[in-house]
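Hi,

Here is the structure I promised to pass on. My notes on it follow below.

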Amino acid sequence: MTPVNPPPLSHPSPPPSTHASQPPDDAPHAYARTPLSEGVRVRVLSAVHGDLLAAAELTAVLGERQRTGLEPLPADPLAAVPGLLRTLRPALRRLAPDTRRLLLIAAADQYPFAAHAYGRAVAALGLDAHSLDDAEAAGLARATSAGVVFRDAWTRVAAYESVPAADRREAHRLLARVLRGEGEAPRRSWHRAAAALGPSRRLAAELRATAHEARAAGEHALACALLERAAALTPDPRERPRLLARAAADAWHSGDGDRARRLAAHADRDVEGLGGLLALRAGNATEAFDALLTGAVGSAGRGARSTARRDTGRGAEGGAGHVGAAAAAAAAVAGRRPAGAVVRPSGADVAAHLVARATEAALYTGDLRRCREAAAVAARFRITPPGTLGGLVAASEGRYEDARDLLRTAAGRCGPGSGPTALIHSSIAALLLGDHTRAAASAVRAAAAARAAGEPAVVPQAMEFGAYAEFWTGRPRSAEAAALDALRQAYATGQDNGACHLQAALAMFAAVTGDQELCRARAEVARTHALERGLGLPAALALWALAFLDLSTGRYAASASRLRALAGFGPGHGHRVIRHSAVPHYVEAAVRTGDTRVARSAHADYDRWASVVGSADELALSARCRALLATGDEAADHYRTALDLHAGGTRDFERARTELLFGGALRRLRRRTEARDRLHSALEAFEHFGSPHCAAEARAELRALGEPARSPAGAPGTVGVLTPQQLTVARMAAEGATNREIASRLLLSPRTIDHHLRGVFNRLGIRSRIELVRLLAAGD
């Protein structure tokens, strides 16, 4: 992937260091100049706890493939950033021995997992807690009722690393002795393992057992650390790769994609199809599909063979054993476990899980032939596939009634007890059906279920699809905020492909709000990554965003050209779902250019789908297309039908565009009063959405009527003339944020922020930030 230079992002926790020895003035600039992919930049800052000096040191030792995200970051970032620790050690060494000992116990108690045993450990040693007064006076740490609070993460690291290894082991042994409460076994085992001097079969077995306990409690990061330590302590070299395989899966579930990739490279088997899942989230989607489907076949085959062997031992027929395995697999996936099932549900669950992920891979690529492959595997092993798989296959073959029924079933799987994967597929299916309310609800529930299960990696996957529903149903600012949050989480957890999809969605949001530069910047980032990883969905969505930007700014020929190209792109470049969804915009662009031959054919297929699905929004858009392709009174009748249907739907933005087009048609028919009412209604909606280009179209139509159109949100010279993105940047600047800080918060480059501020100054006729503060204060 071609490296880009995105802004540095402040990791939400912990904050950047504020140690006495500040980094050189050029450290932030040296770090910012290093060509890194956006995801790597986020993870670098997370690994070094937000310190720019440490980030500059770490990026200096990264290889080219690490800088572009093709390989994980180093296993031990501390080894690559010695400079920062050197600046902190002198202040720690000047403290009294008892103070340093207290800080060591506190640091060992907090990192990498909080054990909350500091008070018990101090009491067991009989140390005086007032010895921390020296550390507080030095500004290094302070005692609170909840324990010791370090000035920043690097001070905590230095307090641990700056003492001899023997003292660290003694601190861990002390903590292990006092961790005897209920549920504390995993942390006790961790501290026992941290104090170990060499291999121990007994301790390795204890770590395996407590890792299972931690995983059951949703603490995947702790389970990963326990298994990784078990692999280091086991005297059996054959056991080590198996432990690392399980640790890699836990690392992924915990949201640590880099660690998962490093551990998976040393594992001897693929737990839960992790190799394919890692490729799906950060690699080539086509390769991911192949790996996931192969894993599903293997898991289903092993389950069938195991069942046959057990049934043979009981005198059962071999064929009956296979049927029993398949029936149990289907029951397990559906959440039913019939009495006497002859196959362990775990094998069937794994196969169904991998088929579901393979479906996502096929959805990302836009390759419906691969969807049919996955459906064939599911049928062969009698696995109940996700409804989105069957629905997509049926739709691609023109079986719209079957597709509708399968998608409705999938969308309905969002009741109590549904897991994150089922809820994500429910959201996707609801989106395909045009049910945006259910899509949003399922996405929110999927994210909540993932958080409850301790699986942060799933959260941005859920919000990828939820953001669309939020946006189209009239909540553009909420949708953008949610998408930005999900984008940060996707990058932080090593899911660059999901981040690419979110960048494309944000490009569409920027197109609707009329921010041309932001739309093009996000679309470029999305398309560059998508085309290199075979991601047809975000590639197509980014192209649609650019086409809509052209449409809303009067570049009709360019818009029609992009949308025709979208229809011709194959897997990895285009996507049938996006092509289908973009038909109403294509028809509008085609009519504006006078070339409607292809548009009429596209609309006929769109209308057939809308009629089968029965979505009010889809039917309204189809009626709008029919109006655009007609003339005179016939067109007006179709527009009225479209608006009646919009009244029962949720896509308020598209309703406003229908009113805009209808108002223009009425003006040409000389029906001035009705035209004026429609155009004013459209104008009000566009201003609510923060869509200045569409609002400008409505004002132009009103002026053509000889009707004065009010200025946007006030008179010229006020903040009402700014785009939503410009207004956001202006307010941050007025609050005192630097360009770099604004860039970090909005996931944009400082150059883009500088461009926005120049545009703000030009539109408002001001020359300084002081004037901006005054103007915004007056406007509020």
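Accessible areas here come from the Shrake-Rupley method with a 1.4 Å probe, and for residues only the protein chains shown count as cover. On that basis the protein exposes about 31,500 Å², with carbon and sulfur atoms supplying 52% of it.

Before the rest, some housekeeping. This is a predicted model, so local features need pLDDT of at least 70 and side-chain atom pairs count only at pLDDT 80 or more, while totals for chains, interfaces and linings use all residues. Residues are numbered from 1 along each chain as its sequence is written, and side-chain values use heavy atoms, with hydrogens and water left out.

Of the 780 residues in the protein, 54% are buried (under 20% relative accessible area, 1.4 Å probe, protein chains only). Cys-371 counts as buried because its relative accessibility is 0%, and Cys-519 is buried at 0% too. The structure has zero disulfides (pairs of cysteine sulfur atoms within 2.5 Å).

The secondary structure comes to 43 helices and two strands (DSSP runs numbered from the N terminus: H or I of at least four residues for helices, E of at least two for strands).

Glu-38, Gly-39, Val-42 and Arg-43 in helix 2 meet Arg-488, Tyr-491 and Ala-492 in helix 27 (heavy atoms within 4.5 Å).

Cheers

Terms used
Buried < 20%, exposed > 50% of the residue type's maximum accessible area, 1.4 Å probe, protein only.
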